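Let's take a walk through this structure together, one piece at a time. Have the sequence and the 3D view open, and follow along.

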Amino acid sequence: MEDAREALLVLDGLTKAFGDFVAVRDVRLDIRESEFFTLVGPSGSGKTTMIRMLVGMEQPTSGEIRLNGRVLNQVPANRRPTCMVFQDLALFPHKSVGENIEFPLKIAGVAPRVRRERASALLRQLRLPVDYYDKGVNQCSGGERQRIALARALAFDPQILFFDEPLAALDFRLRKTLEKELKDIHRETGKTFVYITHSLEEAMVMSDRIGIMKNGGLVQIGTPHEIYNRPVNKFVAQFMGEVNTLEVEAAGAHAVREVQGEGTFEVRDMPEHFTRGFLIIRPEVMKLGPAAAGAANTVSGRLFNDYALGSRVQYQVRSAGGAQWLVERLQDDPFEGASDGEVTLGWRPEDSILVSE
Amino acid sequence: MRSEPKGRGARTLIALWTVCVVAFLYVPLLAVVLASFSRQRYFQFPIAAWSTRWYEKAAHSLSVRDLVWTSLSVALLVTLFSVLLAFFGALAFARYDWRGRKLYQRLVLLPLFFPQAVLGLALLLWFSVLGVQTSWHTAVFAHMIWIVPIVILIMSIQVYSFDPTLEEAAYDLGASRWQVLREVTLPILSPGLVSGAIFAFLLSWGNFPLSLFSTGADQTVPEWLYAKMVSGYTPMVPTLGALTMASAALLLLLVWLVWQTVGRGRRRLARR
Amino acid sequence: MSGRPAASERAAPTGVRRWWRRPGPLCAFPVSLFLLAGFAGPLVIVLAYSFMPPRTFSLRQAPTLENFASVISDSYYLSFFWSLFLATTAVLILFLVCYPIAYGMAKLFGRWANLVTALVALPLLISENIRLFGWVLVLLKNGILDGTLQQLFGVSVSGLLYTVPAIVLGLVYVYLPFMLFPLVIGISMVPESLKEAAADLGASRFEIFREVELPLSMPGIMIGGILSFILALGSLAESKILGGQTVIMIADDIESAFTFAQNWPKGSVLSVLLIALSGLIVVMLFRNIDLDRIIGRR
């Protein structure tokens, strides 16, 4: 089972301060052998500083980084058995594709013939044509460059491979393809991948576990399933995408009251000692119009606008109290109601999420 | 694109004006070359009789050989030292972000804003206070005060476009600092190094105001030319002048050819 | 720079290792040391000599202000005036000559701009006095211009050399690249979209120039103007080779005080005044300019 794995990388109270500004604050985290772990956070959340400490480009202010029980804090980047795929890939423009991939082997003093074989093998593994060996890196497409950078990092044979948002600059479709490819490579090689990104969606596709960062600290660690279904606070819930968020206070064992007077709603699970917090309902679990009839929680309002989101359609409803509600339905199952008409929306108690902050 | 605010007429006028001004820059060079082929002892135009006798004289003159040798020694040493100093100077100027960099940038460029003649005289005083006998060795030092900042400026342009994450990536993949320098930094910055070296050589080769006060008993070609221009015309002035122009052009051509051959392989890889 | 101390690998960074981790100051160190010895040192000495009694060669005399007084009494201010006048004239002409070319290079010529750059830069690599000597050959009585005009029209223009306009010509000729290149950089820093936006908002061609192009290309104009002004202010060869003895410029006076008159303190005072004037202008320039943006185009 997953939890039986021994922790490969241990971060113990890791902190980094630049003068008065604390970029990373007391992070404790175990990363297991062969897992795909992703750190997600908005820009400024400290994830870049974090990964730069992990590869050795920055020194922690306090705390420890341990790899297989060995403290890495003072070991410079070139002596660590880990390496990184950079955000802009950092391919050497004066070297060919093959020379780029061979670079870590050349540094390690591997014989040219062996290097070349290894580079060719990596080209094949990453589904790049073997005759790309002599091609210039600047002549390759975005996706190809991505694979070359990955091949170069794999040639280093790192114990942990770090990724600093390498897909951020690519267009949507290519990014989706490469996300899956990366997950496949992870499976094929069995290496430990630590990935950072600002997109929770991207993290969901690839990761075994996800850590969510905010203001330099880890807010939640969990599997994609846990993060999606049991966010610990409003920040995590909203990070995934648009959600309906209501400020509420406890009103009985299984009910909460919206503070602006939108109504009192039934919930299934109430956290312990819950007095005041937020009720979160995802737009896709909301029912609209006739479908809402009979739901335990209902609100009525006017349908204000609709937005086509590709596979789904989103509806904005404004309730009498002035709140804006979002409802999403599949694109082939649209809501057949007049715009600006009176509508009822509703949801089941088990679809609501309650968080205290 | 939206309508170009300048019409076709203005465009042609600007192009024409540019051609005229560029031609203007080459008028005196042409004049020197013309004069060097004149047979007469005193220059007159149109040239009555053409000859290459002054070139023959120059080729056989021992004093000319001395002058060229002095100028060449100074220029070569200036090139070597300037490139070494300026390479690191340019890294500090444009590559690294450090406290005091803004001040450093300004201080390094300060000598460029200085009249060279005044700088040369100040150096003369400095050498005499330090008790250093001026000769072509001190001229190397003097030239560098003015040339190192220029080479830093030229190299900085290349360094600015250098992506520091390339160094980090190499370092991360296990390279030592020396390996990073040899495998990544130097090869990528080499065009800047070469252009810096060419500028250093040619600026030293042609420098006059700094040489004037710092060479002591030795004399460089530009110094000798100046002395002859002020004190009395000899047909050797245009001849030597034309020769220095030809040697500068030859050097540039040579470097360009080497660059073409070496660069062909490189460019195939690194098309920017 | 004794290399990486292996033993202290895991210890806190100290001493040499701390330096290693700050490559900026480390790289700046050799150049700074060199300029300290070769630039700052001489300037201090010049300043020291300016307070020595006239015609002394040692620095061990009682300081005096005598030399500064003699600048007024011996009417050296005249050569200052000439230098300022000639430099100002040259810079104004240079700006008018270079602006259209710079505009063309930055906005119109495309690939041809590289050729123009090369053609303008090449003469810089040839000794200034050879190029000025070329002008002597052109302007000389029976020289290239005079000879050609005589041949074609029978007109003689013999009095061109050794005049004030000849000196201005020399200054404009020699310092043209120093005005042109900063201007090109300055003008290319003006985004085309801003001009289009101004045009779209109803600005005329001249209003666009005055309200958008001129202020935004100001850093380049300032650098070009000040660089060529200061270099012209301290120029020596132009007035000597093309001006004969018509006009004495300040650098001329400085040179003869040091060499012919053997009066180092007098020369030092004139140098100090020239340096102070140039230095003041440069400091004012540097305060308003971001070098990273101009050189690195960031």
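Strand 11 (residues 244-250) of chain A runs antiparallel to strand 12 of chain A, and three bridges join them. Strands here are DSSP runs of E with at least two residues, helices are runs of H or I with at least four, and both are numbered from the N terminus. Two strands pair if DSSP finds at least two bridges between them. This is a predicted model, where local features need pLDDT of at least 70, side-chain atom pairs count only at pLDDT 80 or more, and totals for chains, interfaces and linings use all residues. Residues are numbered from 1 along each chain as its sequence is written, chains are lettered from A and ligands numbered from 1 in the order in which they are written, and side-chain values use heavy atoms, with hydrogens and water left out.

Back to those strands. A250(A) has V256(A) in strand 12 of chain A as its bridge partner. Strands 11 and 12 of chain A make a hairpin with four residues between them, and in the turn G252(A) has a positive phi of about 110°.

As a general point, strands of a sheet pair through backbone hydrogen bonds, either parallel or antiparallel.

Chain A has another open sheet to look at, with five strands in the order 15-19-16-17-18 and antiparallel pairing. Strand 15 (287-288) and strand 18 (324-330) of chain A stand at the edges with a single partner strand each, so one side of each is left without a neighbour in the sheet. Strand 17 (residues 312-319) of chain A pairs with strand 18 of chain A over seven bridges in the antiparallel sense. In that pair, Y315(A) stands opposite V327(A) of strand 18.

Strand 1 of chain A pairs antiparallel with strand 2 (residues 21-32) of chain A over eight bridges, and F18(A) stands opposite F21(A) in strand 2. Their hairpin has two residues between the strands, with G19(A) taking a positive phi near 65°. Strand 1 of chain A also pairs antiparallel with strand 4 of chain A, over five bridges; there, T15(A) has S62(A) as its bridge partner.

What do the side chains of K16(A) and E58(A) meet in? They form a salt bridge of 3.8 Å, N to O, a salt bridge being a side-chain nitrogen of Lys or Arg within 4 Å of a carboxyl oxygen of Asp or Glu. K16(A) lies in strand 1 (residues 7-18) of chain A and E58(A) in the loop between helix 1 (47-55) and strand 4 (62-67) of chain A, so the pair ties together parts that are 42 residues apart in sequence.

Chain B has a helical build: eleven helices and zero strands. Look for T165(B) in helix 7 (residues 164-172) of chain B. Its side chain is joined to that of D163(B) by a polar contact of 2.8 Å. A polar contact is a pair of N or O atoms within 3.5 Å; within protein, one must be able to donate a hydrogen and the other to accept it, and residues adjacent in sequence count only if both atoms are side-chain atoms. Leaving out residues up to four places away in sequence, T165(B) touches F86(A), D88(A) and A90(A), with contact meaning heavy atoms within 4.5 Å.
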